[in-house]
Amino acid sequence: MNIIGITMGCPAGIGPEIIVRYFKQRTPDSRFTPIVLGDPGILQRCCNELECSLLPSLWQPGLDIPERAIPVLSLSQLPSDTLEWGKPTLNTAKAMVSYIEKGVELVQNSQLDAICTCPISKDALQNAGYTYPGHTEMLADLTRSPRYAMMMAGKRLKVTLVTIHCALKEVTALLSIHAVLKLIRITNLSLKNDFGIASPRIAVAGVNPHAGENRLFGDEEDLLIHPAILQAREEGIDVSGPFPPDTIFFTAAEYGTYDTIICMYHDQGLIPFKLLHFHDGVNVTLGLSIVRTSVDHGTAYDIAGKGIARCDSLTEAVQLASEISSNRKKRLCNNIYET
Ligand SMILES: NC(=O)C1=CN([C@@H]2O[C@H](COP(=O)(O)OP(=O)(O)OC[C@H]3O[C@@H](n4cnc5c(N)ncnc54)[C@H](O)[C@@H]3O)[C@@H](O)[C@H]2O)C=CC1
Ligand SMILES: NCC(=O)COP(=O)(O)O
């Protein structure tokens, strides 16, 4: 059975609340068991506020995982009675980082099979002195994974991103044949080995309107994206494009023609993705030596503590972490990206 470590995310956000709701609603599954890396006092407060009969129960790696409880590895003891929902502090930021660091360590020591992360505030992360734009880059650094990528995965649509968190005006300067080709390769490998798709069909979106329309509206498609596609096809990857970005997502989601769309920038992929999958989408980091999934939403400070946050994305993310972990074990390969 896979043990999936759920990191609690920002203690002042909706992370603790969606964890409690998840445990309250969950149907036990013989394939995996979840544990939490976080703060037992804050989880206890959420249990009280959500009238959850399950209670946090302290757990340590190697010990049996208690049933009918919320097993938690205690990594912080923040003052839960005075913590203000929606108001991160330096201490909450340091705590949320400790959950992630410990999660990585435990997967690397084979004491967990995967981590599933609850949302952190990138702003709070920076204010606490960490220069990473988010989990993705922090995890790539902690696991020394030089090639990584962000995928948003849903049943109707999957997208991966060539550029992630950068200003829109920087996007075209960051595009290159190498960057697009690298992402096509990582996406193809992950679809095969992590998702068990024998022959992945990948589409690549252009970056300009109408994918440039014969250079009328830009030449990145001809100069950078198309050469990368040709090279990947020579390597035997079933990839096509560049397609006009305004229609390719509809084609993929409506007709199931492609398994993943490679996107040139964050919002190109995440806007169509979240329209379809806001509540049940999963963020997966491809290219890491460990398995990491995440909810697809943020800290939602505007509703933290109100008892209305939904846990559907967390439910999907925990399950997908277990599936990917099992798929890698079947292939007797923890790191599908090593070669
Ligand atoms: N994986 C991660 O750690 C992520 C972190 N973030 C961070 O979260 C912070 C807030 O980001 P926003 O852009 O405001 O996005 P957000 O996803 O936190 O909130 C957007 C809207 O969706 C609602 N919402 C979000 N999750 C919900 C849920 N589970 N149930 C019901 N309603 C929900 C919120 O109330 C808000 O109205 C930022 O600091 C951002 O960097 C954003 C995305 C992912
Ligand atoms: N928009 C997705 C997002 O912000 C997730 O970032 P990360 O924390 O998974 O790197």
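1. Let me start at ligand 2, where a polar side-chain atom of Thr-136 lies 2.6 Å from an oxygen atom of the ligand; a polar contact here is a pair of N or O atoms within 3.5 Å. The side chain of Lys-122 also places a polar atom 2.9 Å from an oxygen atom of ligand 2. An N or O atom in the side chain of Asn-283 is 2.9 Å from an oxygen atom of this ligand.

2. A word on the basis: this is a predicted model, in which local features need pLDDT of at least 70 and side-chain atom pairs count only at pLDDT 80 or more, while totals for chains, interfaces and linings use all residues. Residues are numbered from 1 along each chain as its sequence is written, chains are lettered from A and ligands numbered from 1 in the order in which they are written, and side-chain values use heavy atoms, with hydrogens and water left out.

3. The surroundings of ligand 2 include Gly-134, His-135, Met-150, Met-152, His-165, His-266, Leu-270 and Arg-292 (a residue is near a molecule if one of its heavy atoms lies within 4 Å of it).

4. Now to ligand 1, which has 17 residues around it, with Ile-120, Gly-298, Ala-300, Asp-302 and Arg-310 coming nearest. A backbone N or O atom of Gly-298 lies 2.7 Å from an oxygen atom of ligand 1. Asp-302 has a side-chain N or O atom 2.9 Å from an oxygen atom of ligand 1, and a polar side-chain atom of His-297 is 3.3 Å from a nitrogen atom of the ligand.

5. Do look at the helix pair, too. The axes of helix 3 (residues 90-108) and helix 5 (residues 135-142) come within 11 Å and cross at roughly 40 degrees, which makes helix 3 oblique to helix 5 (under 35 degrees counts as roughly parallel, over 145 as roughly antiparallel, 65 to 115 as roughly perpendicular and the rest as oblique). Helices are DSSP runs of H or I with at least four residues, and strands are runs of E with at least two.

6. On the helix 3 side, Val-97, Ile-100, Glu-101, Val-104 and Gln-108 meet His-135, Met-138, Leu-139 and Leu-142 of helix 5, where contact means heavy atoms within 4.5 Å. By class, six nonpolar, two polar and one charged residues make up this contact.

7. Two backbone details deserve a glance. Gly-241 and Pro-242 are joined by a cis peptide bond with omega of about -5 degrees, and Pro-242 is found in strand 9 (residues 239-243). Ala-211, a residue other than glycine, has a positive phi near 50 degrees; Ala-211 is found in the loop between strand 8 (202-205) and helix 8 (220-234). Most residues other than glycine have a negative phi, and most peptide bonds are trans.

Conventions: Axes fitted to C-alpha atoms, helices over the stretch in contact; angles between N-to-C directions. Nonpolar A, V, L, I, M, F, W, Y, C, P; charged D, E, K, R; others polar. Polar contact = N/O pair within 3.5 Å; in protein donor to acceptor, adjacent residues only side chain to side chain.
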